[in-house]
Amino acid sequence: MATMASGQSRRVVVDTNSGYALFGYDPVAYFTRHVAVPGLRENEFVWQGVSWIFASKANRAVFMDDPEIYAPQYGGHGALAMARGYPADCNPNVWAIYGDRLFLFYSYTARAAWAEAVDLHVERADKYWVEVEGTLSR
């Protein structure tokens, strides 16, 4: 997994070893298979200046049609951290879909805390993301 510093230096969290968004996991699979699924290099698509990979060509096509639907919120930064006003790394295996949006978390503890007041955390994170996103490099 990327280090905290690398996660905070980009608008989209990228694995420093592979260069892939979401640490190489398929963002569409969270919605369709309800599990974190590693992508394959042959199914790569560049969006927002970052390489995303998918488990299948079909998932890549779905993402290409409307990436905003499937991309994780807050560029993949931890949702609870964003609700508290700062970007933080995430673990692509700790996630939740709420209101048809994909949220990632640093830990299961963070996800549990977020779930205690989901609407409030989403409202705060959405507000902070508008402020924080502009401070992060591409």
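This is a predicted model: local features need pLDDT of at least 70, side-chain atom pairs count only at pLDDT 80 or more; totals for chains, interfaces and linings use all residues.
Trainee: What makes up the chain in terms of helices and strands?

Mentor: The chain has seven helices and four strands. Along the sequence the pattern reads α-α-β-β-α-α-α-β-β-α-α.

Trainee: How do you know that the chain agrees with a compact globule?

Mentor: For 138 residues, a compact globule would have a value near 14 Å. The chain has 14 Å, so the two agree. Along the principal axes, the C-alpha atoms fill a box of roughly 40 × 30 × 25 Å.

Trainee: What share of the residues counts as buried?

Mentor: Of the 138 residues, 50% count as buried. The accessible surface comes to about 6800 Å². Carbon and sulfur atoms hold 51% of that surface.

Trainee: What share of the contacts joins residues at least 24 apart?

Mentor: The count takes contacts between residues at least 6 apart in sequence. Of these, 55% join residues at least 24 apart.

Trainee: Where do the charges sit on average?

Mentor: There are 12 positive and 15 negative charges. Their mean positions are 4 Å apart.

Trainee: Now the rings. How many aromatic pairs are there in the whole structure?

Mentor: The search finds 12 aromatic pairs. One of them joins W52 and F63.

Trainee: Why is the pair of W52 and F63 called tilted?

Mentor: Begin with distance. The ring centres are 5.2 Å apart, and the limit for a pair is 6.5 Å. Then take the angle. The planes stand at 35°. Under 30 degrees would be stacked and over 60 edge-to-face, so 35° is tilted. W52 is in strand β2 and F63 is in helix α3, 11 residues apart. Both W52 and F63 are buried.

Trainee: Why is the pair of Y74 and W129 called edge-to-face?

Mentor: The centres of Y74 and W129 are 6.2 Å apart, within the 6.5 Å limit. Their planes meet at 65°.

Trainee: Which parts of the chain does the pair of Y74 and W129 link?

Mentor: Y74 lies in the loop between α4 and α5. W129 lies in helix α7, 55 residues apart from Y74.

Trainee: Why are Y74 and W129 called buried?

Mentor: Buried means under 20% relative accessible area. Y74 has 4%, so Y74 is buried. W129 has 13%, so W129 is buried too.

Trainee: What does Y74 touch beyond four places in sequence?

Mentor: Y74 touches R11, A79, M82, R101, F103, V122, A125, D126 and W129. Y74 also belongs to an aromatic cluster with Y98, F103, F105, W114 and W129. By contrast, A55 is 19 residues from Y74 in sequence and 22 Å from it in space, C-alpha to C-alpha.

Trainee: What makes A88 a buried residue?

Mentor: A88 has a relative accessible area of 7%. The limit is under 20%, so A88 counts as buried. A88 sits in the loop between α5 and β3. From A88 to V13 it is 75 residues in sequence and 9.0 Å in space, C-alpha to C-alpha.

Trainee: Why is E68 called exposed?

Mentor: E68 has 54% relative accessibility. Exposed means over 50%, so E68 passes. E68 lies in helix α4. Leaving aside neighbours within four places in sequence, E68 is in contact with W47 and Q48. L136 is 68 residues away from E68 in sequence and 19 Å away in space, C-alpha to C-alpha.

Trainee: What is the phi of H34, and where is H34 found?

Mentor: Phi of H34 is near 60°, a positive value, and H34 is not a glycine. Most residues other than glycine have a negative phi. H34 is found in the loop between α2 and β1. At 54% relative accessibility, over the 50% limit, H34 counts as exposed.

Trainee: Why is Q48 called partly exposed?

Mentor: Q48 has a relative accessible area of 36%. Buried is under 20% and exposed is over 50%, so Q48 falls in between. Q48 is in the loop between β1 and β2. Q48 also has a positive phi, about 55°, although it is not a glycine.

Key: Residues are numbered from 1 along each chain as its sequence is written. Side-chain values use heavy atoms; hydrogens and water are left out. Helices (H or I, at least four residues) and strands (E, at least two) are DSSP runs, numbered from the N terminus. Buried means under 20% relative accessible area, exposed over 50%, partly exposed in between (1.4 Å probe, protein chains only). The radius of gyration is taken over C-alpha atoms; the globule rule is 2.2 Å times the number of residues to the power 0.38. Contact means heavy atoms within 4.5 Å. Accessible areas come from the Shrake-Rupley method with a 1.4 Å probe; for residues, only the protein chains shown count as cover. Lys and Arg count as positive and Asp and Glu as negative; His and the chain ends are not counted. The place of a charge is taken as NZ of Lys, CZ of Arg, CG of Asp or CD of Glu. Rings of Phe, Tyr and Trp (its six-membered ring) pair if their centres lie within 6.5 Å; planes under 30 degrees apart count as stacked, over 60 as edge-to-face and the rest as tilted.
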